[in-house]
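Work through the exercises below with the structure in view, and try each task before reading its solution.

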Amino acid sequence: SGRCWVKVRLPSRPNAAAAWVRARRVVLEPTSWRIVVSRRARRISLYRGGDRLRRFRIVIGAPPTPTPHGLFSIVDVWRWNPADFLGSYILPITAHSNVLQEFGGGDGRVGIHGRGGASLLDPLGAARSHGCIRVSNGPISWIVRKVGAHRLPGIPVRVR
């Protein structure tokens, strides 16, 4: 009927939830940035224009609460207390735990966040989180500075 529609991924359950919206209701912006998380290698990589800029070791979900795999995106950027369990930044992503319906008063959303306090007890390269991806404070701060906090929301995150 002459109308253009765009299929968008939703930040809700299930993780692959999608909906169609009228194209005139959205603003589409290309990005050269993407983040890739390798659960097997336990590393997170930042890419720009297909080139890997840096790769960092991470903590992933423990076997009973694994980090979900799939294509997601960053929802927001929250500056946090570097000494707190969640570290210097929290980057919530559109993924939700496939095991936990809620966690810590939230809806079981997965995020990429820093490390501080008790989270430092889990060594980098371990599988000990409730599904989140933990990165040291230096690297997550570098990612926020490199991409820019205002440009991070919407950046694709591939978890394999």
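**Exercise 1.** In this predicted model, find how far apart the mean positions of the positive and negative charges of the chain lie.

*Solution.* The chain carries 27 positive and 7 negative charges.

**Exercise 2.** Determine how many salt bridges the chain has, and which residues they join into one network.

*Solution.* As a starting point, side chains of opposite charge can pair when their charged atoms come close. The cut-off to apply is a side-chain nitrogen of Lys or Arg within 4 Å of a carboxyl oxygen of Asp or Glu, and by this rule the count comes to two. In one of them, Arg 128 pairs with Asp 122, with 3.6 Å between the closest N and O atoms. In the other, Asp 122 meets Arg 134 at 2.6 Å, N to O. This second pair links distant parts of the chain, since Asp 122 lies in the loop between β9 (109-113) and β10 (127-129) while Arg 134 belongs to strand β11 (residues 133-135), 12 residues apart. Through shared partners, the salt bridges join Asp 122, Arg 128 and Arg 134 into one network.

**Exercise 3.** Decide for Asp 122, Arg 128 and Arg 134 whether each is buried or partly exposed.

*Solution.* A residue is buried under 20% relative accessible area and exposed over 50%, with partly exposed in between. Asp 122 has 15%, so it is buried, and Arg 134, with 3%, is buried. Arg 128, at 47% relative accessibility, therefore counts as partly exposed.

How values were computed: Residues numbered from 1 in each chain as written. Predicted model: local features only at pLDDT ≥ 70, side-chain atom pairs only at ≥ 80, totals over all residues. Heavy atoms only, no water. Lys, Arg positive; Asp, Glu negative; His and termini not counted. Charge placed at Lys NZ, Arg CZ, Asp CG, Glu CD. Buried < 20%, exposed > 50% of the residue type's maximum accessible area, 1.4 Å probe, protein only. Helix = DSSP H or I, 4+ residues; strand = E, 2+ residues; numbered from the N terminus.
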